[in-house]
Amino acid sequence: MAYKAPVRDLTFILNEVLEIDRYANQPGFADVSSDLVGQILEEGAKFAEEVIAPINHSGDKEGCHWDNGVVTGPKGWKEAYKAMVEAGWPALAADPAYGGQGMPAVVSMAFGQFTAAASAAFSMYPGLTAGAYAGIHANASEELKTKYLPKMATGEWGGTMNLTEPQCGTDLGMVRTKAVPQGDGTYKITGQKIWISAGEHDFTDNIIHTVLARVEGAPAGIKGLSLFLVPKVMVNDDGSLGERNSLMCAGLEHKMGIHGNATAVMQYDGATGWLIGEEGRGMNNMFVVMNEARLGTGLQGLAIGDAAYQAAVEFAKDRLQGRSLTGPKNPDGPADSILVHPDVRRMLMEAKAFVEGGQAFILWTALQADLQRSEDAAEAQKAHDYMGLITPVLKAYLTDKGFHVASLAMQVHGGSGYTEHFQASQYLRDARITMIYEGTNGIQALDLVGRKLPSNGGRAIMSWFADIDAFVAENGGEGPVQPFIEGLADAKKKLQEATMWLMQNGMANPDNAGAASTDYLNLFGITALAYLWAQMAKAAQAKIDAGSDDPFYANKIATGRYFVERILPDAHAHLAKMKTGADVLMALPAEAF
């Protein structure tokens, strides 16, 4: 299957739905025009299609190799990574002060959809570096930023985040890795970290680890944790590389998917590190890295779904099996393609509706990330609120649906998809981890209802409801867009009812909030996609009304109608389920399981 980057879909969202030319007065947008963005995405698509996608399947088959602490990637991956660095892609959104190109996040996230779809495992190498870069950029001293960020921005050096240990995953208060101050501004880091994506590889000369550890004597629990910058190779004052630091990769995990990414066990034996930010603020500082990663993971899950959908469409068009229920559509052939069968159409339409809605959701959210820098204080605050509220929804909902789409794609392939001859199984295996790492989707749901909704007295969710109400009021009436507006209004009403139920019942019994959290997040995700589909339908219909006969616009509305008529009704089920509360979940004694 030849992956094809969805350039037209994303330029439609950026230029005609989000209308990024309107933001020319915003920081980072001054030199960004729709024409320039189109050129960037065209070139990015070529790179994803011609350099990354061809090594995806072979990389899955070969995996990474570990030999006494030395890790090498699959054949051709080091060369592809070098080509990516030379082309300047990792630096796309990095700060120009440290060698970046300064493009808005919304442009970078568009390109990221191409690379993650072309190869999820490959895209993790620059993705993890970008997360570590963000954490250092936000919190480290100027000395550390000047020393490390320029080569991280370009991708010449890699980066990671080191949180998890054998005894703790979600509960990071149990971290045992210790940091001993040396009196000269450095610390000696000792401990073991597991499941470290891109923790060791041969693509770069250096890897800059961000490591969560407890300073000797610090209190137990989350409040005692600090964040450290620990390079694989020490960096001299003139920027040249010095001696190897006291750390190593003790092994690689054998995983279900993402075989081309080195998931490392990292051992720190008195490695030299530098504090990022203040002591005891490790989790606060790490959240910058984690939030970056959560958005990237949502993007990754959705992008894998896109690649899987494309493969399923290609297979469905080529596979001849049976005859149409309404008579042969390929009378000169032995059978019709399976694309004629309603149930195959159901699977492909569901996949297409989720993928295209998710693409818009990602870019809308990335625009909020950019607007956080607005010089208008109210606009910046609103965007900041939205980023906090939306991040757990985007991560969990899009990875759930990305995996669902990959599963649908395998079903379209039938028995062929269950073999390794086709890539359907790789997409399914690769997509599954996105629902787990960077905080499982259940944790994202708890974060949403327990922390994000009540934050600042519910300011973010009330503002979001107001935005939807204003959009509905402005765009009501008759015509092809009306079903989208009515569906959005109904979904928002159900989400508002669900929010009130949580306020009334979650406080009285916290288990009610926990039991409702996943259905609430799914209801939120459906409403978010309804909002974006309504905006896309409005933009597409405007082109049709203006006389365009480009089938792209009619096809976009037809896909959106599938979402409205066949997916949006799930909102009712999620509301009904969450309102049953915790009693039915907690009724059985432990020994009954």
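A cavity is a set of points, on a 1 Å grid over the protein atoms alone, where a 1.4 Å probe fits but cannot get out; its lining residues have an atom within 4 Å of a point. The model is predicted: local features need pLDDT of at least 70 and side-chain atom pairs count only at pLDDT 80 or more, while totals for chains, interfaces and linings use all residues. Residues are numbered from 1 along each chain as its sequence is written, and side-chain values use heavy atoms, leaving out hydrogens and water.

**View 1. Lining of the largest cavity.** Asn56, Ala116, Ala117, Ser119, Ala120, Ile304, Gln426, Tyr427 and Asp430 line the largest cavity. Two or more lining residues come from each of α5 (105-118) and α11 (424-432), helices being DSSP runs (H or I, at least four residues) numbered from the N terminus. With three residues, α11 gives the most. The lining has five nonpolar residues, three polar and one charged (nonpolar: Ala, Val, Leu, Ile, Met, Phe, Trp, Tyr, Cys and Pro; charged: Asp, Glu, Lys and Arg; polar: the others, Gly among them).

**View 2. Crossing of helices α6 and α8.** The axes of α6 (residues 120-139) and α8 (residues 282-318) come within 8 Å and cross at roughly 155°; axes are lines fitted to C-alpha atoms over the stretch in contact, with angles from 0 to 180 degrees between N-to-C directions. The two helices are therefore roughly antiparallel (angles over 145 degrees).

**View 3. Contact of α6 with α8.** Contact means heavy atoms within 4.5 Å. Residues on the α6 side include Ala120, Ser123 and Met124, and those on the α8 side include Glu292, Gln300 and Ile304. The contact residues divide into nine nonpolar, six polar and one charged.

Definitions and conventions. On a 1 Å grid over the protein atoms alone, a cavity is a set of points where a 1.4 Å probe fits but cannot get out, and a pocket is an open set with protein on both sides within 12 Å along at least five of seven lines; lining residues have an atom within 4 Å of a point. Angles under 35 degrees count as roughly parallel, over 145 as roughly antiparallel, 65 to 115 as roughly perpendicular and the rest as oblique.
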